[in-house]
Amino acid sequence: MTAAGGIAAAPRATVALYTHVACLDHDPGPGHPERVARLEAVLGALSADAFPTLLRREAPRASRAQLARVHARHLIDSIIDHGPLHYWRMLDADTMMSPGSAEAAQRAAGAVCAAVDAVLGGDVQRAFCAVRPPGHHATTANAMGFCLFNNIAVGAAHALAAHGLERVAVVDFDVHHGNGTQDIFWSEARVLYASTHQSPLYPGTGASDETGLGNIINAPLPPDAGSSQFRTAFDTIVLPALEAFAPQLVLVSAGFDAHRLDPLANLNLEAADYAWVTRRLVALAMRHAGGRLVSSLEGGYDLDALRESSAAHVAALLD
């Protein structure tokens with residue numbers, strides 16, 4: 001009860017924001033959709049004025065040992081040791097490196113590892129990693145799809161190896177299928193990977209019959225699907241699989257490019273849908289994982305949609 005005799009509001013969750021200025025130095029080249037303005041938009045939306053209770057933390061670099069849990073040595077060496085000194089280096093048709101990319105990529109993966117340490121250590125309840133480059137397309141051996149290292153996969157492997165967890169769930173609501181995360185954990189029964197995504201669309205993976213050891217759950221959505229189809233896919237496919245798995249930690253690949261304004265896809269979600277799915281995932285984490293959830297930025301290429309959606313996501317994490 002409050003002093004005035006009313007019922008006190010429940011305390012807000014302790015949520016940390018992990019980011020690093022180096023993530024602004026990754027430059028994929030003129031006109032590239034994965035531009036620095038994306039992260040600037042997210043950080044502006046999550047300002048101290050807008051979110052005064054959000055704990056703000058600097059992302060460390062991921063170590064080579066942390067990266068090597070999910071990536072081949074040649075990929076790690078090629079990103080860290082052989083980045084361009086000037087201009088750009090092309091890794092595939094749409095994935096580029098600039099002189100600042102290696103540092104940004106290490107900080108992006110390191111943010112997720114540090115956030116995992118914080119939530120599993122009881123320092124905070126939840127965390128959001130506002131980082132770039134994104135990660136979920138990077139496979140064991142290849143950078144691709146704007147992604148250098150697979151940030152969320154590095155964090156999941158860290159939770160298994162450094163904290164001894166037996167059940168880690170990765171939930172991916174980016175509009176593009178996280179082929180890299182699926183590839184990395186295809187035969188890892190301790191990790192459940194569940195994805196909603198538009199199909200057909202890049203990278204062409206994510207069919208419902210791609211199941212791994214039974215630990216891969218894909219819920220493809222047709223072009224022009226909207227809130228109703230997205231929420232139904234979560235309620236009937238993704239959430240029941242997560243409930244049965246009973247994860248000890250929930251990780252989220254938080255791409256906001258299924259928004260109706262996004263130029264790279266054709267789904268019709270709104271910021272309210274991201275708030276809804278985040279609340280559902282927080283509730284699931286409360287039931288099975290002591291509330292422990294770590295989210296990391298993936299896609300989202302319309303700046304207005306990115307601002308609104310990331311703010312809705314973090315507000316739901318705080319609630």
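Trainee: How many aromatic pairs does the count come to?
Mentor: The count comes to 7 aromatic pairs, where rings of Phe, Tyr and Trp (its six-membered ring) pair if their centres lie within 6.5 Å, and planes under 30 degrees apart count as stacked, over 60 as edge-to-face and the rest as tilted. One of them is Phe173 with Phe256, a tilted pair at 6.1 Å centre to centre with 50° between the planes. Keep in mind that this is a predicted model, in which local features need pLDDT of at least 70, side-chain atom pairs count only at pLDDT 80 or more, and totals for chains, interfaces and linings use all residues. Residues are numbered from 1 along each chain as its sequence is written, and side-chain values use heavy atoms, with hydrogens and water left out.

Trainee: Where in the chain are Phe173 and Phe256?
Mentor: Phe173 lies in the loop between β6 (168–172) and α6 (179–185), and Phe256 in the loop between β9 (249–254) and α8 (271–288), 83 residues apart; helices (H or I, at least four residues) and strands (E, at least two) are DSSP runs, numbered from the N terminus.

Trainee: Is Phe256 buried or exposed?
Mentor: Phe256 is buried at 1% relative accessibility, since buried means under 20% relative accessible area, exposed over 50% and partly exposed in between (1.4 Å probe, protein chains only).

Trainee: Why is the pair of Phe256 and Tyr274 edge-to-face?
Mentor: Their planes are at 90°, with the ring centres 4.9 Å apart, so Phe256 and Tyr274 are edge-to-face.
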